[in-house]
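Let's walk through this structure together, from the overall fold to a few local details. Have the sequence and the model side by side as you read.

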Amino acid sequence: NGTIRGAEFAYQQFYDFLPGWLSGLGFQFNYTYVDSSVSNPFATAGSDIPAMVPLEKLSKHSYNAVALYEKGRYTARLAWSWRGEYLDTTQGSGANGIPQYQKPYASLDASVSYNVNDHVALSFDAVNLNNRMNEVYIGTASAPLRYELNDRRYGFSARITY
C-alpha cells in the first residue's frame, strides 16, 4: 500500500518568428513534482528504521531544459537534466532495512545531426558531458555507501534509408 501524488509542467516552442537561421531555434522544459509514501517492510517498533519511506526510484523534484535547433538539413540538441534525491532501496548491501538514498545529480547531453540528402544522415552524440558522479548513502548523507562514475560517452552514426 502506498500513495503517489504529483504534477508535471511542460513547455516547448520553436521561435520560427526569428529572422534567418535563428528561426530554427527552440526550447523545451519540463518539471515534475512527485510526493509518495509507503510503509517500510523492515520497520519494527522501537527501531531506528523509519516506518514510512517514499516509493523507490521516485525523486520528489526533477526537470529537463533543452535547447533545440532544427533548420534545413541540420538538427542539434543540448539538454540539461536534473534529478533530486530518491530512495534507492530499503534492502541490500547490508543496510538491514535502513533506507539507501541516491543523492541529486545532473547530466549534460548533446547531439548534432546533418541530413546529407533524403537517404543519408550523419549524427554525433555526447552523453554525460559533465562527467557526473552518482553517490548512494545509507540513512544519512554522512554515511556513503558507494560512488559510481558514469563516464562520458560519444557516438557517431550514419543512417541510410531507401
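Among contacts in the chain between residues at least 6 apart in sequence, what percentage join residues at least 24 apart? The share is 55%, where a contact means heavy atoms within 4.5 Å. Before we go further, a word on the source: this is a predicted model, in which local features need pLDDT of at least 70 and side-chain atom pairs count only at pLDDT 80 or more, while totals for chains, interfaces and linings use all residues. Residues are numbered from 1 along each chain as its sequence is written, and side-chain values use heavy atoms, with hydrogens and water left out.

Now for the fold. The chain has 12 strands and 0 helices; these elements are DSSP runs numbered from the N terminus, with strands (E) of at least two residues and helices (H or I) of at least four. As for overall dimensions, the C-alpha trace spans about 70 × 30 × 30 Å along its principal axes. The radius of gyration is 21 Å, whereas a compact globule of 162 residues would come near 15 Å; that radius is taken over C-alpha atoms, and the globule rule is 2.2 Å times the number of residues to the power 0.38.

Next, look at the largest pocket, with a volume of about 160 Å³. A pocket here is an open set of points on a 1 Å grid over the protein atoms alone, where a 1.4 Å probe fits, with protein on both sides within 12 Å along at least five of seven lines; lining residues have an atom within 4 Å of a point. The volume is the space filled by probe spheres set on the points. Of its 13 lining residues, Pro54, Leu58, Ser59, Lys60 and Glu85 are the closest to the centre. Strands E2 (25-39) and E6 (86-89) each supply at least two lining residues, and E2 gives the most, with 3.

Lysine 57, in the loop between strand E3 (52-53) and strand E4 (61-71), has a positive phi near 70° without being a glycine. Lysine 57 counts as partly exposed because its relative accessibility is 43%. Asparagine 131, likewise not a glycine, has a positive phi of about 55° and is found in the loop between strand E9 (120-127) and strand E10 (133-138). With 25% relative accessibility, asparagine 131 counts as partly exposed.

Methods
Buried < 20%, exposed > 50% of the residue type's maximum accessible area, 1.4 Å probe, protein only.
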